[in-house]
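Work through these exercises with the structure open beside you. Try each task before reading its solution.

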Amino acid sequence: MRYRYPRIPESEVTPRALFESRRRFLRHGAALGMAAALPGLAWSPSASAWRDGLQASLAADLPSVSLANGEPLTSLRDITTYNNFYEFGTGKRDPETFAHRLVTDPWSLTIEGEVDKAGTFALEDVLKHQDLEERIYRLRCVEAWSKVVPWIGFPLAALLKRHEPTSRARYVVFESIHDPDNLRGQRRSIIEWPYREALRIDEAMHPLTLLAVGLYGEVLPNQSGAPIRLVVPWKYGFKSIKSIVRIALVEERPTPSWVAQNPAEYGFYANVNPQVDHPRWSQARERRIGESGRRQTLMFNGYGEQVASLYAGMDLSEHY
Ligand code: MTE
């Protein structure tokens, strides 16, 4: 699959002062309130599928927040040719090679469990809803494994709130598509299928927790987790589950696929933490795609200012 290299329009480059004020804005948890000032999205009433309406909307002048900490964006080519998406195999080039087999249209999303408004919805109906249309924005952030990505999406909280979580909702569990006929990796037991991830409810409600539907002004490429994926900027990449079909709010802590696979190596939280080593390697340094050297890994991937309070009082070497 080939993509043209994007040109970043001037309007996408966030001036420093604005960036600083947006950081403050996010710090105070106000991102969810951005709605009021934002333009609606250009949905075509005749759009029969999510893709048509969404693509038109992504071309619009969306509000943008940069939390890339001054780092240059990774090119679209690098973002889409070096991936982890085990549904297509374990090789980094497998997703690029086989992702055309992922059928994303039609797509439906089930939201259930501890919510007053459960159901299964066509993705276009999920996205067309006014509260999400008003909150969609661009977020440039550092992916916790190698990239700086200009995502387009909306806060997961906006979707969850719409479905009215009950007071028993303590965790949110996510599941990816299960389709072994088209997803060759699922014909082998690489990991427990369907791929499953989970967050604590306060992590899920944090304004930096994004449901991404696009990047670089385009609908998400399949290998990046089309049509809808999670982005949790302060956690290791594996928490950012791709191609989500089910979101359930639950009372008991769920077991994500990686934790089920190897509880000694993977913890529930997976917060980026240079002080806690993976049993088989140090996590103190990392390499950004396109760079030759390694750099110091930052606590919470550099987003401590925004998220450290979620873990106040917890021993993060125990709750890794
Ligand atoms: N989601 C699903 N459904 N399947 C996967 O194999 N891999 C995870 C995460 N989400 C994965 C997934 C891992 S290990 C990483 S590092 C990131 O996706 C990679 O995202 P990227 O390919 O967009 O960089």
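A residue counts as buried when its relative accessible area is under 20%, as exposed when it is over 50%, and as partly exposed in between. The model used here is predicted.

**Exercise 1. Is Y195 buried or exposed, and which stretch of the chain holds it?**

Step 1. Find Y195. It sits in the loop between β6 (171–176) and β7.

Step 2. Compare with the cut-off. Buried means under 20%.

Step 3. Y195 and E175 are 20 residues apart in sequence, yet 5.8 Å apart in space, from C-alpha to C-alpha.

**Exercise 2. Classify S66, E164 and S243 as buried, partly exposed or exposed.**

Step 1. Start with S66, which belongs to strand β1 (residues 64–67). Its relative accessible area is 12%. S66 is therefore buried. A polar atom of its side chain lies 3.5 Å from the backbone nitrogen of A68.

Step 2. Go on to E164, in the loop between α7 (156–162) and β6. Its relative accessibility is 32%, so E164 counts as partly exposed.

Step 3. Finish with S243, in the loop between β10 and β11. At 0% relative accessibility, S243 is buried.

Step 4. For E164, phi is near 55 degrees, a positive value in a residue other than glycine. S243 is not glycine either, and its phi is positive, near 45 degrees.

**Exercise 3. What is the strand order of the open sheet of five strands, and which strands stand at its edges?**

Step 1. Write down the order: β3-β2-β11-β6-β7. The pairing is mixed.

Step 2. Read off the edges. They are β3 (119–122) and β7 (196–200). Each has a single partner strand, so one side of each has no neighbour in the sheet.

**Exercise 4. In which sense does β2 pair with β3, and in which sense with β11?**

Step 1. Take β2 and β3. They pair in the antiparallel sense over four bridges. The two strands form a hairpin, with five residues between them.

Step 2. Find residue pairs across this hairpin. I111 has G119 in β3 as its bridge partner. L109 stands opposite F121 in β3.

Step 3. Turn to β2 (residues 108–113) and β11 (residues 244–250). This pairing is parallel, over four bridges.

Step 4. Find pairs here as well. T110 stands opposite R246 in β11. I111 faces I247 in β11.

**Exercise 5. How many residues of β7 are buried, and which strand pairs with β7 over five bridges?**

Step 1. Count the buried residues. Five of the five residues of β7 are buried, so β7 is largely enclosed by the rest of the structure.

Step 2. Sort them by face. R196, A198 and R200 lie on one side, E197 and L199 on the other. Both faces are covered.

Step 3. Name the partner. β6 pairs with β7 in the antiparallel sense over five bridges. One of the bridge pairs is V173 with A198 in β7.

**Exercise 6. Where are the cis peptide bonds D105 to P106 and A226 to P227?**

Step 1. Take the bond from D105 to P106. It is cis, with omega near 5 degrees. P106 lies in the loop between α4 (94–98) and β2.

Step 2. Take the bond joining A226 and P227. It is cis as well, with omega about -5 degrees. P227 lies in the loop between β9 (218–219) and β10 (229–231).

**Exercise 7. Which residues come nearest to the ligand, and what percentage of its accessible area does the protein cover?**

Step 1. List the neighbours. There are 16 residues around the ligand, and Y86, E87, K147, R229 and K242 come nearest.

Step 2. Sort the shell by type: six residues are nonpolar, five polar and five charged.

Step 3. Check polar atoms. A polar side-chain atom of K147 lies 2.8 Å from an oxygen atom of the ligand. An N or O atom in the side chain of R229 is 2.8 Å from a ligand oxygen atom. For S176, a side-chain N or O atom is 2.8 Å from a nitrogen atom of the ligand.

Note on methods
Residues numbered from 1 in each chain as written. Predicted model: local features only at pLDDT ≥ 70, side-chain atom pairs only at ≥ 80, totals over all residues. Heavy atoms only, no water. Near = heavy atom within 4 Å. Polar contact = N/O pair within 3.5 Å; in protein donor to acceptor, adjacent residues only side chain to side chain. Nonpolar A, V, L, I, M, F, W, Y, C, P; charged D, E, K, R; others polar. Pairing = 2+ DSSP bridges. Buried < 20%, exposed > 50% of the residue type's maximum accessible area, 1.4 Å probe, protein only.
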